[in-house]
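Thanks for coming, everyone. Please bring the structure up on your screens, and I will walk you through it.

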Amino acid sequence: MAQGPVPSPGKKTSGFRIGGYSSYLLLVPGLAIATIFMILPLAIMTVVSFYTTAPSSTGYLKIFTAQNYIDFFTAPNTPTLLLNTFSLALIAAVICFAFGFPLAYFLTFRIKNATFKNYVITLLIVPFLIDASIRTVAWIAILGRDGIVNYALLSLGAIHSPITALLFSRNTLYIIWLQTYIVFMEFPIYLAMNRIDPDLISAAKVLKAPPHRVLYDIVFKLSLPGIICGFVFVFVSTLGDYVTPNLWAGGVQTLGLSISRYSDNFLWPYASVLSTMLLIISVIVLFISFKVVDIRKLVYE
Amino acid sequence: MNGPFGLNTWSMLTLKVLESKNLTKWYGKEVLALNNISFEVDEGDFFVIIGPSGCGKSTLLKVIAGLLDYNAGELFIKGTDVKQIPPHKRDISMMLENYALFPHMSVFNNISFGLKMLGKDRSTFDKDVKDSLKLVGMEGYENRSPLELSGGQRQRVALARALVVNPGVLLLDEPLSHVDYRLQRKLMEELKLLHQRLGTTFILTTHVQEHGLSLAETLMVMNTGVIEQIGKPNEIYTRPQTVFAARFVGDINLFSGEVSGKQGGVYAVKTALGELKVAAAAGKDYTGHKLAYGVRPEAIVVGEEALKCENHVQAKGINSYYFGNAVECVFEMTGGVTMKATMAPEVAPTLMHDRAVLGWSARDSMLIEKPSVIEGLNIEEVIYGK
Amino acid sequence: MECTRMKLSDIGIRAYIAILILLIYTPIILMVVLSTNTSGRISFPYEGFTTKWYNGKPSGFEYGSYISAYYDWAFWIAFQNTVYVAFAAAIMTTIIVTTVAMTLRHRIFGRNALFYIILLGFLVPGVALGLGNNILFGIMNWQFTWWIAAMLDTVYAVPFGLILMMARFDPDLMLYERAASVLRASPLSVFRRITLPLIRWEVVSAAIFGFVLAWGELIRTSFVARGTGVISTYISTQLAINPITPKWYAVGTIITGISIIALVFMGFVLSRGQK
């Protein structure tokens, strides 16, 4: 019996195609920009990290050397630097998760009104739009020497002179970062949760799952792509954020901060070294996270 | 009757596994999904709820399961008032309409989920899951992912998953809906066998009345939030209490009529077809009443035999539908009224557009007083549609 | 039923979220309030109401922190620049997100690699990109224009926008397109008449998203800004050299006000898009 070629079981027909090569044509703008403004700069930066620092028109000489890296790894404050940067970002991400997950859950399962949902989401984005510097400066009004917390404590007689340390601690960083990046955590989780078939929750309930198990075994596990996505977003964003620690960390040095300092002084090679380290940390984290969970589930099939 | 601790001692004593009293549920302020539903389910029964889409049967099932709350009334499962009891603490299990297999777990983990939640010992899982799979004919599928399975296979896994926890009541929401015809028959047989083997109480919903008739030991017909009739399938089929029930369960020819008189155990009813006879039941005298007159298609004979019946009419055949083992013929009478008759293929009139005589006995006809349990409906509107 | 227990956890969640909102918005509210404070520093208690930080006429000798918002011409230049950059970024983000989203739906060669490359734009720390670009421009001797700053913002916004758009795609979209092509529609017509109308709200949100991200972006832009810069760079440089006065709170209030208006609009658009 004559038959045409039968597609093998695993292969799906790809649906509508905008004609063979046109698909690739459409990708040109995206790929062009990605290459020129992302891949190229990063590549060059890595290369520059191997150049020698010298006073010249460009701030470096095109002589390959590993000296920069040696300096970096032997410098006494490097371990602290790396540790600080990494732990700050990690804890910030965890805190954002602690707030973002219940928020996403609430929006998905407890609010039925779509307009209300959108307004809440929009509400979360507002702090992000207020310029980065002002956002941090606004906290002076609360935690500063003459801020409201001190004012309240003084009037209540709890303390005798204002606490200046309030503002210059890691916790301020965490709060500011929470304020800024909560959206990035909440949104992917919300998207993932929205895709969960509500019948799965019903099924779990009739299969004798108490509410906390439903939360863990079903909701949490099925929104994991979104959680990891959000976690990575926040982690990477805080990793490179030098503005906030610049103003408030009270002495905590981060990689980002160092990079900006070296940059300001045109010490490109050393800045590049630090930057490359940052890049490596991010890539490792990304790699691990995406092994754990397939983010593509969030987006296709 | 509510005793101490919310226990209904009467239903405990009489082995009623489920008892519902005046159960009412609103969706928001507009939609009344369940309107004063009261019924009982005996232990070990195969209880089928049928009704058109939107009649509330899925809602009822979800209320029993505890997935939805109710506004008024009482619900007792095995004698206990379940108003405050969440689904995971009720002695029920459920197979949902779209199976809802957990996509991120293997078949084994799906099935053992309930056992895990109940805190059973891990070492027993293997055996229980195996037995469960065997029960539904899916041995060896433990390590597959639900995403690899066909619809029928998923359904069996969902069934196994629901059964493995040994529930007091098994709820099945439209299990036969998304399955093709061949598979439906097979599944019905298997469900019936399972029920006989396990003895668990089954409560099943479907909108296909043939399934209801075949599977049920007790059948309940629902219509927009109310119960039209409960009883044994053949009771409902031969003695429907409302026009709705008569229409929904099986096929029927219906006419509105007025009872003109009673003679020797037989009513004479004036209808559009002329005067028809129907056997009178003991009790109420319907003389003078406006009612619905009905006769099932299989009770009608055609040809010479028809002339011997108490009721016969002249008709012209307009269409016929061949079902292999039977033929359904549609006839038209004076006045444009149509009737359906089913008969063996050998007996069916071979020539359509031919005159024929239809006949049926008074004993095979029925009189139905109420259009529906729902108040305020006009009987003629229910019969002929608006 | 689940009434009592659910209610408790319900209250718990609501309280938790209320705390979150409080945490996020208290500084903002205080900022607005204090921007009208007569005191020259950020301090409590509130001394008196004044709008001098907004529109007080300069007497010619003030510098940075003491020029009122309205008269701070440098700020308004920065504002203008930000609007240009944000618009440019919005346009480019929309184009790229839409084209990429359209092609990524199909199983083309290198689909995964492509997805990850695009995703990198967001996942790579801003500092690294900023630095890299800075070096690149130095080598290439490219001039800085606002389009370039917009490009950086686009690279940043596209991944997030892409995920947003693709996660909200109607799974039947490809079916409709196929149906149309079977009915002899050319690919362009299919896009114009079938696809575009169906995804128009996602496209609009991508644009808005591109705009929003570019507006508040500081880290990457700080590496490529020149002159007065955009709002974010202007303020950060000013704050580095000036004391903090309510004037900056006034500026912040203005920016916040504009952002909220823009966002209410966005919320409106989003709610129209969801069924």
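One caution before anything else. This is a predicted model.

Chain B, then. Along its principal axes, the C-alpha trace spans about 75 × 50 × 35 Å. The chain holds 11 helices and 20 strands. It has 386 residues, and 42% of them are buried. Now look at the contacts in chain B with a separation of 6 or more. Residues 24 or more positions apart make up 65% of those.

How is chain B divided into domains? The assignment gives domain 1, residues 4-238, and domain 2, residues 251-384.

Let's go to the sheets of chain B. Take the open one with the order β15-β19-β16-β17-β18. That is 5 strands, with antiparallel pairing. Which strands stand at its edges? They are β15, residues 301-302, and β18, residues 338-343, of chain B. Each has a single partner strand, so one side of each is left without a neighbour in the sheet. Stay with β18 of chain B for a moment. Its antiparallel pairing with β17, residues 327-332, runs over 6 bridges. One residue pair to click on: Val327(B) has Met343(B) in β18(B) as its bridge partner.

Another open sheet in chain B also has 5 strands. Read the order as β13-β12-β11-β14-β20, antiparallel again. Here the edge strands are β13, residues 274-279, and β20, residues 365-368, of chain B; each pairs on one side only. Neighbouring strands in this sheet are turned against each other by 45° on average, direction ignored. Strand β14 of chain B, residues 290-295, pairs with β20(B) over 4 bridges, in the antiparallel sense.

One more strand pair in chain B. Strands β1, residues 16-27, and β2, residues 31-42, are antiparallel and share 8 bridges. Lys16(B) sits opposite Asp42(B) in β2(B). The hairpin of β1(B) and β2(B) has 3 residues between the strands. There, Gly28(B) takes a positive phi near 65°.

Next, the core. In soluble globular proteins, nonpolar side chains tend to be buried together. How many residues are in the largest nonpolar core here? There are 260. The members that touch the most others are Val232(A), Val234(A), Leu171(B), Ala89(C) and Ala214(C). The biggest contribution to this core comes from helix α9 of chain A, residues 170-194, with 16 residues. Domain 1 (4-238) and domain 2 (251-384) of chain B both give residues to this core, so it lies between them.

Zoom in on Val234(A). Leaving out residues up to four places away in sequence, it touches Ala92(A), Ala93(A), Cys96(A), Tyr181(A), Phe184(A) and Met185(A).

On to chains A and C. The contact involves 82 residues of chain A and 87 residues of chain C. Which helix gives the most to the chain A side? It is α2 of chain A, residues 28-48, with 12 residues. By class, that side of chain A has 55 nonpolar, 21 polar and 6 charged residues.

Now one residue in chain C. Find Ala90(C), in helix α3 of chain C, residues 73-104. Why does Ala90(C) count as buried? Because it has 24 C-beta neighbours inside 10 Å, and the cut-off is 20 or more. Leaving out residues up to four places away in sequence, Ala90(C) touches Ala207(C), Gly210(C), Phe211(C) and Ala214(C). Leu213(C) is 123 residues from Ala90(C) along the chain, yet their C-alpha atoms are separated by 8.8 Å.

Last stop, chain A. Helix α14, residues 255-264, is mostly covered: 8 of its 10 residues are buried. Among them are Leu255(A), Leu257(A), Ile259(A) and Tyr262(A). Just after α14(A) comes Phe266(A), with a positive phi of about 65°.

That's the tour. Over to you for discussion.

Methods. Residues are numbered from 1 along each chain as its sequence is written. Chains are lettered from A and ligands numbered from 1 in the order in which they are written. This is a predicted model: local features need pLDDT of at least 70, side-chain atom pairs count only at pLDDT 80 or more; totals for chains, interfaces and linings use all residues. Helices (H or I, at least four residues) and strands (E, at least two) are DSSP runs, numbered from the N terminus. A residue is buried if 20 or more other C-beta atoms lie within 10 Å of its own, exposed if 12 or fewer, and partly exposed in between; C-beta atoms are placed from the backbone. Two residues are in contact if their C-beta atoms, placed from the backbone, lie within 7 Å. Domain bounds come from an automatic or database domain assignment. Two strands pair if DSSP finds at least two bridges between them. A nonpolar core is a set of buried Ala, Val, Leu, Ile, Met, Phe, Trp, Tyr and Cys residues joined through C-beta atoms within 7 Å. Ala, Val, Leu, Ile, Met, Phe, Trp, Tyr, Cys and Pro count as nonpolar, Asp, Glu, Lys and Arg as charged, and the others, Gly among them, as polar. Axes are lines fitted to C-alpha atoms, for helices over the stretch in contact, and angles run from 0 to 180 degrees between N-to-C directions.
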